[in-house]
Amino acid sequence: MYLVGFPLLVIPFAIYNMIAFLTPTLSWTDKVATIHLISGQDWNVTPEEILLAFSVLLLGVEIVKATRMGIRGLLDHILSMILFIAMLVEFLLVARAGTSPFFILMVISLVDVLAGFIITARTAQRDIQIERDVPTV
C-alpha cells in the first residue's frame, strides 16, 4: 500500500528547496554527467533535467492515484492543491524560487491538481450514468 493522501510531488519540491537553500553555490545548469549516445552526440545532464524528469515520473504516479475514489482520493486532491498554492506563493515571494526549474515544477504540480479533479469528476459522472442506464424491475 502506498502512502495514502500524500502528494508525491512534495518530494521534488523538498529536493529543490534543499538544494536551493543549503547549497546556494550549485547552479542548476552545471553539468552532472555526460552520456555518449550511439549517434555520436554527447548529452550533458544537469541537476535541473534530473529533477524535472523525476517530477514528471511522479506526476504519472499521481495521475494513476487520482483514479481512486473516496475520502483518500479527496484528501490527496486537497493536499495537492495546498502544495500547488505553497509553490505558487514561494515562486512569487522567494528570490531563490524564482527560477525556470521551479516554475516548471510548479506547472507540473498544477497539472497534478487539474488532472486529479478532472479524473475524479469524469469517473463520478460515469458512475452516475451507469446507475441511470440500469432498468428498474
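Begin by selecting helix α1 together with helix α3 (residues 71-93): their axes cross at roughly 25° and come within 11 Å of each other. The model on display is a predicted one. Because angles under 35 degrees count as roughly parallel, α1 and α3 are described as roughly parallel to each other. The crossing in which α1 passes α3 is left-handed.

Next, display the side chains at this contact. On α1, select Val10, Phe13, Asn17 and Phe21; on α3, select Leu83, Met87 and Glu90. Sorted by class, the residues of the contact of α1 with α3 comprise five nonpolar, one polar and one charged.

Helix α1 spans residues 10-22 and helix α2 spans residues 47-65. The two pack at an angle of about 160°, and their axes lie 9 Å apart. Since angles over 145 degrees count as roughly antiparallel, α1 is roughly antiparallel to α2. The crossing of α1 and α2 is left-handed.

Which residues of α1 and α2 meet? From α1, select Ile11, Pro12, Ile15 and Tyr16; from α2, select Leu51, Phe54, Ser55 and Leu58. The contact of α1 with α2 has seven nonpolar residues, one polar residue and no charged residues.

Remain on α2 and move to Lys65, which lies in this helix. Is Lys65 buried or exposed? Its relative accessibility is 4%, so Lys65 counts as buried.

For the last stop, select helix α4, which covers residues 100-133, and locate Ser109 within it. Ser109 has a relative accessible area of 1% and is therefore buried. To see what surrounds this residue, display Leu9, Ser80, Leu83, Phe84 and Met87; Ser109 touches each of them, when residues up to four places away in sequence are not counted. Two of these names return the viewer to the opening stop: Leu83 and Met87 are touched by Ser109, and Leu83 and Met87 of α3 also take part in the contact with α1.

To close, show α1 with both of its partners. The contact with α2 includes Ile11 and Tyr16 of α1, whereas the contact with α3 includes Phe13 and Asn17 of α1. In direction, α1 is roughly antiparallel to α2 and roughly parallel to α3.

Note on methods:
Residues numbered from 1 in each chain as written. Predicted model: local features only at pLDDT ≥ 70, side-chain atom pairs only at ≥ 80, totals over all residues. Heavy atoms only, no water. Axes fitted to C-alpha atoms, helices over the stretch in contact; angles between N-to-C directions. Helix = DSSP H or I, 4+ residues; strand = E, 2+ residues; numbered from the N terminus. Parallel < 35°, antiparallel > 145°, perpendicular 65-115°, else oblique. Left-handed = near helix turned anticlockwise from the far one by under 90°. Contact = heavy atoms within 4.5 Å. Nonpolar A, V, L, I, M, F, W, Y, C, P; charged D, E, K, R; others polar. Buried < 20%, exposed > 50% of the residue type's maximum accessible area, 1.4 Å probe, protein only.
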